[in-house]
Amino acid sequence: MEREQLERLLRGGDDTSSAALAALRADASYVVWDGTTSPKSLAAVYGHRLRHTLRRGIETSGLARAVERLDLCSQPVRLGQIRTADGSWIYVLFLDADGNTLVACTGVRQSPPDSAPPDTC
């Protein structure tokens with residue numbers, strides 16, 4: 001998928017889509033994978049991630065909304081990802097099977113490398 005097409009899909013969306021668009025315009029890396037998957041299975045996976053991030057205090061954007069939208073979706077979805085240039089955020093994109101419509105977008109802040117637990121081995 002061309003960068004310009006992805007930018008068009010992210011325009012006019014919610015705050016998370018706007019943040020993903022800003023990252024894309026600021027030279028973020030991105031990928032949209034081939035193939036589709038069940039939105040119901042993704043809703044279950046990302047529902048688990050939502051509970052995990054809430055328990056751990058990990059900052060997310062639009063995750064609860066993405067889970068709701070995936071749960072309501074009845075058509076297979078494609079996945080994409082945008083990683084900010086500095087690596088501080090990763091946005092996951094859920095697109096329709098043709099890649100023409102954004103179904104949902106979520107972001108998760110990445111831990112800074114210096115906050116990783118010490119290696120015990």
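In the predicted model, the side chains of D34 and R78 form a salt bridge at 3.9 Å, N to O (a side-chain nitrogen of Lys or Arg within 4 Å of a carboxyl oxygen of Asp or Glu). The pair links distant parts of the chain, 44 residues apart: D34 is in the loop between strand 1 (29–32) and helix 3 (39–56), and R78 is in strand 3 (residues 77–83). Helices (H or I, at least four residues) and strands (E, at least two) are DSSP runs numbered from the N terminus. D34 is exposed at 75% relative accessibility, whereas R78 is buried at 14%. Buried denotes under 20% relative accessible area, exposed over 50%, and partly exposed in between (1.4 Å probe, protein chains only).

Residues are numbered from 1 along each chain as its sequence is written, and side-chain values use heavy atoms, with hydrogens and water left out. As the model is predicted, local features need pLDDT of at least 70 and side-chain atom pairs count only at pLDDT 80 or more, while totals for chains, interfaces and linings use all residues.

The search of the whole structure gives four salt bridges. Another of these joins the side chains of E7 and R25 (3.9 Å, N to O). E7 belongs to helix 1 (residues 3–10) and R25 to helix 2 (residues 15–25), so the contact ties together parts 18 residues apart in sequence. E7 is buried, with a relative accessible area of 14%.

A salt bridge is also found between the side chains of R109 and E59, at 2.7 Å, N to O. Because R109 lies in strand 5 (residues 102–109) and E59 in the loop between helix 3 and strand 2 (60–61), the pair ties together parts 50 residues apart in sequence. R109 is partly exposed at 36% relative accessible area, and E59 is partly exposed at 41% relative accessibility.
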